[in-house]
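Please look over the structure below before reading the briefing that follows.

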Amino acid sequence: MLFRSIDIDFPDGSTGSAVYGRLESEDWNEFLRAGCSFLTLNASLGWDGTLGELPAIGSACGRGLHILPLERGFDVSQLQSIRGISYLYLGEGCKGELDLAWFEDLVEIRLMCKPKKFKLLISGACGLKKLSSIGAHIRDPGALSLLRNLRGLELIRPSFHASALPEDLALDALEAYGWTKLHDLDWIARFRLGSLRLSTCRRIQDYSALQHMTSLESLYLDDCSHVPSAKLVCELPRLKSLTMRGTEFVDKDISCLAGMGLEKLNLSGRGYFGSACA
């Protein structure tokens, strides 16, 4: 039985479908006919905690699975037999080992389960383009070099230094939350990022490398240590969006931003608009 038209914020805020009880083949066919991009398996919505008949069906047909088993628990190794998964969200209650090499068609994965019960393996190449993960899941950041198509990386409370990231990653977007071992942007500046989002990174002591990140189009700093001067971003020729929430320019002089052609500027704090830019 399927509940239809349930609003869920994964992966893109679109309307999804959720399973109530056991996943039967009729449910899966109904899901495909509905044209939704992902199917939610959520214990709080009545899902029984099993894949039902999906292993027998054998293919996710290019769709995604949003799995939240909670106290029921779910062994992720069961996913190995299912082809054609394009998106995976593994939430609280997921456990066991999962190897990204199992999934030839996987484009995006979000790992939000508890690291103590879950182990991520990267034993070979796959087509993954975006990885979002609690930092503790990535025990060996060097293995990320196997993900040649990886363009987006989101890290939540990573436990390693930025220099542990492979230099050959072709990242376009990097997002990090609570990165306590991020003290400067020197290593991050080696990637040709188009987007950089940092939240609650309060131990950054040196922002000087920011001025060398000339491919940046979007910069978002939320509750990070303060930036000495706006001059560090004024030389970024492609920057179109600058958002700073709970993070301020220390010298309060934003006059140089006026000639940048920014399409979006969002600053928090006091004292800015007494400058020449006002």
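Which residue just after H1 takes a positive phi? Gly35 does, with a phi of about 75°. This is a predicted model, in which local features need pLDDT of at least 70 and side-chain atom pairs count only at pLDDT 80 or more, while totals for chains, interfaces and linings use all residues. Residues are numbered from 1 along each chain as its sequence is written, and side-chain values use heavy atoms, with hydrogens and water left out.

**Helix H1**
- Helices are DSSP runs of H or I with at least four residues, strands are runs of E with at least two, and both are numbered from the N terminus.
- Within H1 (residues 25-34), Asp27, Trp28 and Phe31 are buried, meaning under 20% relative accessible area, where exposed is over 50% and partly exposed in between (1.4 Å probe, protein chains only).
- Viewed down the axis of H1, the buried residues fall within an arc of 100°, so they line one face of the helix; the arc is that of the directions from the helix axis to the C-beta atoms.
- Glu26 and Arg33, both exposed, sit on the face of H1 turned away from its buried side.

**Strands S12, S13 and S14**
- Strand S13 (residues 195-199) is mostly covered, with four of its five residues buried.
- S13 runs parallel to strand S12 (residues 173-177), joined by five bridges, and also runs parallel to strand S14 (residues 218-222), again through five bridges; strands pair if DSSP finds at least two bridges between them.
- Ser195 of S13 is the bridge partner of Ala173, and its own partner in S14 is Ser218.
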